[in-house]
Structures are given as structure tokens and as C-alpha cells.
Amino acid sequence: MSNATAIAVAFVDRLRSSGVDAPLSASIEYQRALGALGMGSRDAVYWAGRTTLVRRREDIAAYDTAFNSFWDDHSAAPYEPPSAAMSIAVDDEESPDDDDGGLDGHDADDAPSIELRFSAAEVLRHRDFASYSDDELAEARRLMGRLRVTGSPRRSLRLVNGHGSRPQMDLRRTVRAALSTGGEPLQRRWRHRGMRPRRLVLLLDVSGSMEPYARALVRFAHAAVIGRQRVEVFALGTRLTRMTRELSERDPDAAVARAARAVVDWWHPPRRRPERVQPTLGTARYGPRRHGRDSVRWLGPRRSEHAR
Amino acid sequence: MSPESVRDDLAAQGYIADVGLATAVFLARELGRPLMLEGDAGVGKTELAKAIAASTGGELIRLQCYEGIDASQAVYDWDYTRQLLHLRAAEATGAMVGRTTDSVEAELYDERFLVRRAVLRAIDHRDGPSPVLLIDEVDRADDEFEAYLLEVLSDFQVTVPEIGVFRAQRPPVVVLTSNRTRDVHDALKRRCLYHWVEHPDLEREIEIVRRRVPEADIALSTEVAAAVAHLRAMELYKPPGVAETIDWTAALARLGVRHLDAASAEATLGTVLKYREDTERVVSHGIDDLVAAARSGAGR
């Protein structure tokens, strides 16, 4: 192993220790890039690594740090990396359940910061529900009424018409189309597997300290229930109460009122914390066992964030 | 070839690249690796592929990805209707008599019934300089297609079961772009060199605008570039890219404007801001402020 190779490998090692995932193949590419560019200038060495070892924008800062500290250990010349900091406007859907439990492989720090940027909605987003005035609450209700909770869909078994990425021949429609071309199946018809929304399970904490949020949460859950199929809503106080049926009424105020009547421990201070919620959801009591597997679960709000 | 010569070649095509981007293109060509470009919309990712093609003289083959794209639209397909008609014609002329099923089938899966789509055309390229395959907005395609690209991009070969393997004699220059509407799978990125395309700095942007809109006054180009830099710092919903700077300058030049002023800026704001909320925000901050910032930025 030549000296240059040893140094390059040591640098990749340093990079890994600062949290950048650089596989062996990237290390080999780095060697090749250094071979092609030569190690004559700092720019060449910098960009050889930036191009081959970094594969995510988030890693650029870590790379710059590792680069500076590593090469400064070997030579005293100071190096200012090209500045990379730049704010990016994330064009993201504003649905709070976008994050489906990490199924997409998003890292926590990878999640784009969701922020409404315009008009009064921004104020509402950053305010605590507890401190809403009546007007603001009405505005929040209006916004929540317009909200449609979607989340990421999953592939269903049911076939729908069309040429998706894995089409199957639709014999019935192909033969029907062939009738108009003298029995020759000139036009083929296809079907492919459609998409369906994942089951969404909302667990709402409506116990004592959450009282100011409970109404807003239930409004949110109502928007979810009305907006899509396959939603289950449970209120979580000292016990678990299913609210899905109560919330399936279209009128938001009537639905919330019915839900409030159904939840017996609504707005009472908790005497005991429910310890095992998951097994209850998994049983046949509320739907199939698959609840736990393909569903998006959302538990909110978290006590630590909102405790008074 | 060196990064500097790549940079000069691209500049000759009107594409002003910084040292990082020029190095990435150089490495992509030298190592025969696909180049994955990410960055905000309008920073010139697609333009780069065009400039590479123009500078090498290779054919630009563009594959625009979309949800549901599959191999039959991106790689190859069989011309089913022509196959069927061929079969019927052979039947009608009696050419089928005395032939085995196998020989008839072999005739149906002949190369002349093969519809070559972008990827196969880029790989099965026989003469002339290597083509440039632009796989645009790969983040829009779905996972299955990404998985298929893996095979193509690591070996530069396509297998057509009925015919055999097409292997690239010289690998094409492959440029993938992504707007990061979702994360492209890591396995695909691992096969590629990666470059994050930044918005250009002020000097580079002025140079780009002057190249692309030569009819505009130097003062105007400078002021517009400075104004756009100011807009980018405003945390807009959709910060303007280089494409918008060029459009804005071209619009103002067409109107005969020689210096950016509040009236002309407001009248042409639609070329640079594409969301009503952004426009409202800029107007509420004051067009005069924007123009003043542009003048002082250009003066520096």
C-alpha cells in the first residue's frame, strides 16, 4: 500500500467517525478520483472527496469539518472550504402525519422542517393552543376543517385499470377491444395493483394537563376521519376509548360534542397512566392484527413538549 | 483532459461552471461513472447535461422520469402491433406453411420489431462520440424503476431476453438530476458521483446572465443578479434560480430598460417570482428597498 493510499484511507476513516456513511466502494472511487486528479492542489483533493464520498447534502458540513481537521493535521496551511450554508425552502405537504414512522428510511435529522410561511396561518402554527383567543380558535378550526390527512399509501392487492410499473394483461377488456378490430387484439388492455391509504391510528391524550389541547386534537382527528378511510381514533386518558364512530359525523361541532360524551375520563386528571396500549390495539377488539404492521400510528401530543 | 479544460469547454457552450462542478464532470467522464446532481430548481442541472453534450459533440438522450415510468417506456419495448400484423401478413401470403413454431417466433422477436427507448439508445450506440444520457428528475420515478436503473448504471448493459445482452462499447456520460422531492435510494447514489449544485455567487451569476442575455446592458445584468441574490436571502417559498435571473433580465432588456427601477421591477416581477405569496411578500417589503439593495449590491 502506497503512502498516498494509506493517507486517503485514513481520511475516509476519519470521515466515517464523524458520522458520514462512506462504504468501501466509495473509498475505492475516492482512490480512483485522486488518481485522476492528482494530489497537487487542495482543491483537487477536496473535490475528489466531495464528489465520491459525500452522497447527501446534509453530509457536506461534516465532510468540510473532517477535511479541515484531517489535512490541517498533516500540513499547516489553512483552508477555507467553499461555503455551503444556504437556506432551502422545503416545498412539502403540510400534513402532520407525513412521517410514517420512518418507513421511508428518513433519518430524524433528515426531516424537512415544516413551516407555513404565509399569512395568519404562520402565527397559528407557532402558537400554543392553550393561549388561543376565541377568534384564533375559530380560525384554527376553519383551517383544521380544510385539512385532509393523507400519509403515505401502500400498494394494495386490488387491480385497477391502467399500465402501471408492473402491468398484468386484462383479458376481459382486451377481448372486448378486439371486437372492434375484427377480432384481432391490436390494442391490449392492462391492469396493475392500485394504492390504498395506510391504516391510520390516532391516539389522543385528553387527560387533565392536555385539556387545552384536547378540543383542537379532536378537531384534527375529526378532519382525518372525515377526510379519508381507514382511520381509528382512540382517546387516551386513564383508559382507552374508541372515538371513531362518534367522529364520523360530518358536522365538526356535533362530532366533537358526541366524542366528548363518549369519553368518560375527558378532562379529568389522570390517577394512573395506561401502561400497555399496544396490546389493546393489537387484539381483535378493534380490527385486525395488522393494525400494528402496516399502520401509521400517531400519538399526540407528547407530554414532555406541552406539559404545563 | 483536466477539470480546467472541462470548465473551458463548458464555458464555450455558454455554461459557467465553478471548480467543484467542473471537477465532478471531469471525474464522471474520466472514471466512467454516472453523475448525480441535486440542487434547488433552476440552478442549471438540466442545462449542464445539454452543455456537456454540446461540448463533446455527443447526442443528448433525455429521459424525463415521472411516476409510474417503467422499463417499457425507458429501455425498450416490442412493437406488438407490427408483430401481429407481420404474423397475419405471413399467414395471408402462405409463408407460414411448413415452418416450425420456433422459427416463426424467432422471426417475431427480431431487432426490427424492437422499439428502442432512451436507455437502450444510449447503451447501444455504435459510432460517434459517446452520447450523454440525461435521466431527469429521477426522484419522480418509483422504487422499482430505481432498482432497474441500478443494473443499467453499474454495468452499462441491458438484457433483452429474446435477443441477448446489449453492452455499451463506450459507456455513455450519464447525468441524473433530482429535485429532492424524496430521497433517492442510497444504493443508486452509491453507483454515482454526487454533486450538490449551489446557486452561483454574484460574479458567476452576472457572467452567466451576460452570456445568455447579451443584448442586456452590463449595468442591468449586474443589478438584476444583485436583486435576485437579495431575493434569495428573503426566505421565499420558492427562491428564484438562475433560470429566473435570465428570464428577468431578458424581459427587462426587451422592455428597453437600462437600469433597474421600481416601476419596471414591479411590472416584471412575475418572471422571477412564481408564487403569489412570494410576490406579495416582496411587494410588502417594498420594491424600492429591493432596487436599492440591488444598486448597492451591484456597486460593490
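Me: Which residues of E5(A) are buried on one side, and which on the other?

Reply: This is a predicted model, in which local features need pLDDT of at least 70, side-chain atom pairs count only at pLDDT 80 or more, and totals for chains, interfaces and linings use all residues. Residues are numbered from 1 along each chain as its sequence is written, with chains lettered from A and ligands numbered from 1 in the order in which they are written. A residue is buried if 20 or more other C-beta atoms, placed from the backbone, lie within 10 Å of its own; with 12 or fewer it is exposed, and in between partly exposed. Helices (H or I, at least four residues) and strands (E, at least two) are DSSP runs, numbered from the N terminus. In E5(A), A:Val231, A:Val233 and A:Ala235 are buried on one side, and A:Glu232, A:Phe234 and A:Leu236 on the other. Six of the six residues of this strand (231-236) are buried, so the rest of the structure largely encloses it.

Me: Which strands pair with E5(A), and in what sense?

Reply: Two strands pair if DSSP finds at least two bridges between them. E4 (residues 200-205) of chain A pairs with E5(A) in the parallel sense, over six bridges. There A:Leu200 stands opposite A:Val231. E6 (residues 240-242) of chain A pairs with E5(A) in the antiparallel sense, over three bridges. A:Ala235 has A:Thr241 as its bridge partner in E6(A).

Me: How many helices and strands does chain A have?

Reply: Chain A has 13 helices and seven strands. Of its 308 residues, 23% are buried.

Me: Why does the length of helix H11 of chain B agree with its number of residues?

Reply: The expected span of a helix is 1.5 Å times one less than its number of residues. H11(B) covers residues 218-232, which is 15 residues, so it should span 21 Å, and its end C-alpha atoms are 21 Å apart.

Me: Is H11(B) mostly covered or mostly open, and what does it pack against?

Reply: H11(B) is mostly covered, with eleven of its 15 residues buried. Among them are B:Leu220, B:Val224 and B:Leu231. Two residues are in contact if their C-beta atoms, placed from the backbone, lie within 7 Å. The buried residues of H11(B) pack against helices H10 (202-212), H12 (242-254), H14 (276-285) and H15 (287-299) of chain B.

Me: Where on H10(B) do its buried residues lie?

Reply: An α-helix has 3.6 residues a turn, so residues three or four places apart point the same way. In H10(B), the buried residues are B:Glu205, B:Ile206, B:Ile208, B:Val209 and B:Arg212. They fall within an arc of 160° (taken from the directions from the helix axis to the C-beta atoms), so they line one face of the helix.

Me: Which residues touch the most other members of the largest nonpolar core?

Reply: A nonpolar core is a set of buried Ala, Val, Leu, Ile, Met, Phe, Trp, Tyr and Cys residues joined through C-beta atoms within 7 Å. The largest has 105 residues, and B:Leu35, B:Val119 and B:Val175 touch the most other members. H11(B) gives the most to this core, eight residues. Leaving aside neighbours within four places in sequence, the contacts of B:Val175 include B:Leu35, B:Ile52 and B:Leu134.

Me: How many residues does each chain give to the contact between A and B?

Reply: Chain B gives 32 residues and chain A gives 32 residues. On the side of chain B, the largest share, seven residues, comes from H2(B).
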